[in-house]
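Let's take a walk through a protein model together, one spot at a time. Have the sequence and the 3D view open while you read.

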Amino acid sequence: MGSGGAGGPRRGVLAALALVGCGALLAAGCSPEGGPGAGPGGSAPGTASAGSGPPGPSGRASVSPEAAGPPAKGAVTVTGEVAKGLESPWGVAQLPGGDLLVASRDKGTISRVTAGSGAATRIGEVPGVAPGGEGGLMGLALSPAFASDRLVYVYFTTESDNRIARLRYDEQRPAGQQLGAPDTVFRGIPKGLIHNGGRIAFGPDKMLYAGTGETGDTGLAQDKKSLGGKILRMTPDGDPVHGNPEADSVVYSYGHRNVQGLAWDKDKRLWAAEFGQNTWDELNLIEPGANYGWPEAEGKAGKPGFRDPVAVWKTDEASPSGIAWAEGSIWMAGLKGKRLWRIPLAGTELVAEPEAFLEGEYGRLRTVVPLGGDRMLLVTSETDGRGSPEAGDDRILTLTVR
């Protein structure tokens, strides 16, 4: 089912990391998981054409041919430990002021992690969550108007489907009872023991995007009437957005296997990471209405009508989940690969081969959260049933990257 094994040399000494400074840093800013690998190997270089013309509905902007990229070689420094002892953390959102909200996939609860002290306090439970396999309480995002409406959006699995709901967060209520009743804004996303997708994020256009999976039923990915194996784009109320590829549809792109990573670069281009099956995991540049090939194509197939990924990895080396953009690169968390990948980009083209960091040092890696500038959060995933948890797992770490 997923790879386990003991962590590297840093995993046994994480408790020694000082929490001092973490608060200031935060305030500043099927084959499960890809199936068996296809043998040793790394990412393959690739390019994608830069967009042209005016921004599209996702807020995309054209890129200058002279766009300078980051250095070919990067660096990652673990600067602290924000929290430890978390159970099956999945979605994470930063509150104004620096504290974090963290969703537990298997418990169906949301906790608040205090910046500086690392104390985790349960604020409430999301009713109707039915954890099982790769399903449960997954994506977490704050409303673009959170300062006034206090709405927290969640993507979760029920007994019948995957859905998106919003809950009002009232800090004046007693601990454990601070989430209001869920208001379901979107339902009917196919569910399964595997490939439930789960990542949600508000884009630069303040619309809500969701990555879904095809639940192991590969035919759903090419069926534009199905919500499985897609990237969805909707209003905060769950309605189709004017300007989506098809009228009255939330489907933004299709032909995906299992999307768990969504991020926008500085030019408002949307990127997504998804699990491959037996050969290639993918990082894709998302264009509205484009077909990303699954199950007819995996990796750089070069088939007419399908969009090739910008970068690919052998499944043993990645099994990607969350992604973030920082310092000119996409940063991608690897579950089975147990490493953090840096993908340096000049516009839409690779500057150099993707580079791996922290390999095996902290176990399975689930979520990456940008804090602005060169600071990020990294969330481990050793307690999700497929890892080999050690004392203190799971953790949220602070990183400085370049």
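## A buried arginine

Arg163 is buried, as its relative accessible area is 15%; buried means under 20%, exposed means over 50%, and partly exposed is what lies in between, using a 1.4 Å probe and protein chains only. You'll find Arg163 in strand S8, residues 162–168. (Helices, which are H or I with at least four residues, and strands, which are E with at least two, are DSSP runs numbered from the N terminus.) The side chain of Arg163 makes a polar contact with the side chain of Asp161, at 3.0 Å. A polar contact here is a pair of N or O atoms within 3.5 Å; within protein, one must be able to donate a hydrogen and the other to accept it, and residues adjacent in sequence count only if both atoms are side-chain atoms. Not counting residues up to four places away in sequence, Arg163 touches Val154, Tyr155, Phe156, Thr158, Thr184, Phe186 and Arg187, where contact means heavy atoms within 4.5 Å.

Before we go on, a word on where this comes from: the model is predicted, so local features need pLDDT of at least 70 and side-chain atom pairs count only at pLDDT 80 or more, while totals for chains, interfaces and linings use all residues. Residues are numbered from 1 along each chain as its sequence is written, and side-chain values use heavy atoms, with hydrogens and water left out.

## The whole protein

Zooming out, the protein has two helices and 25 strands. Of its 402 residues, 58% count as buried. The accessible surface comes to about 14400 Å², and 50% of that belongs to carbon and sulfur atoms; these areas come from the Shrake-Rupley method with a 1.4 Å probe, and for residues only the protein chains shown count as cover.

## Nonpolar cores

In soluble globular proteins, nonpolar side chains tend to be buried together. A nonpolar core is a set of buried Ala, Val, Leu, Ile, Met, Phe, Trp, Tyr and Cys residues joined through side-chain atoms within 4.5 Å. Which residues touch the most other members of the largest nonpolar core? Of its 20 residues, they are Tyr153, Ile164, Phe186, Ile200 and Leu232. At least two residues of this core come from each of strands S6 (137–142), S7 (151–157), S9 (183–189), S10 (200–202), S11, S12 (230–234) and S13 (251–254). Apart from it lies another core, this one of 19 residues, among them Ala103, Ile110, Phe146 and Ala165.

## Rings

How many aromatic pairs does a search of the whole structure find? There are five. Rings of Phe, Tyr and Trp (its six-membered ring) pair if their centres lie within 6.5 Å; planes under 30 degrees apart count as stacked, over 60 as edge-to-face and the rest as tilted. One of the pairs is Tyr209 with Trp264, which is edge-to-face, 5.0 Å centre to centre with 75 degrees between the planes. This pair links distant parts of the chain, 55 residues apart: Tyr209 is in strand S11 (residues 208–211) and Trp264 in strand S14 (residues 259–264). Tyr209 is buried at 0% relative accessible area, and Trp264 counts as buried at 15%. Ring pairs also bring in Tyr252, so that Tyr209, Tyr252 and Trp264 form a cluster.

Elsewhere, Arg257 lies over the face of Trp294, at 5.3 Å from the ring centre. A charge sits over a ring if NZ of Lys or CZ of Arg is within 6 Å of the ring centre and within 35 degrees of the ring normal.

Most residues other than glycine have a negative phi, and most peptide bonds are trans.

| Spot | Feature | Value |
|---|---|---|
| Trp294 and Pro295 | cis peptide bond | omega about 0 degrees |
| Asp393 and Asp394 | cis peptide bond | omega about -5 degrees |
| Asp248 | positive phi | about 60 degrees |
| Leu358 | positive phi | about 60 degrees |

Asp248 sits in the loop between S12 and S13 and is exposed, with a relative accessible area of 74%. Leu358 is in the loop between strand S22 (355–357) and strand S23 (365–372), and at 9% relative accessibility Leu358 counts as buried.
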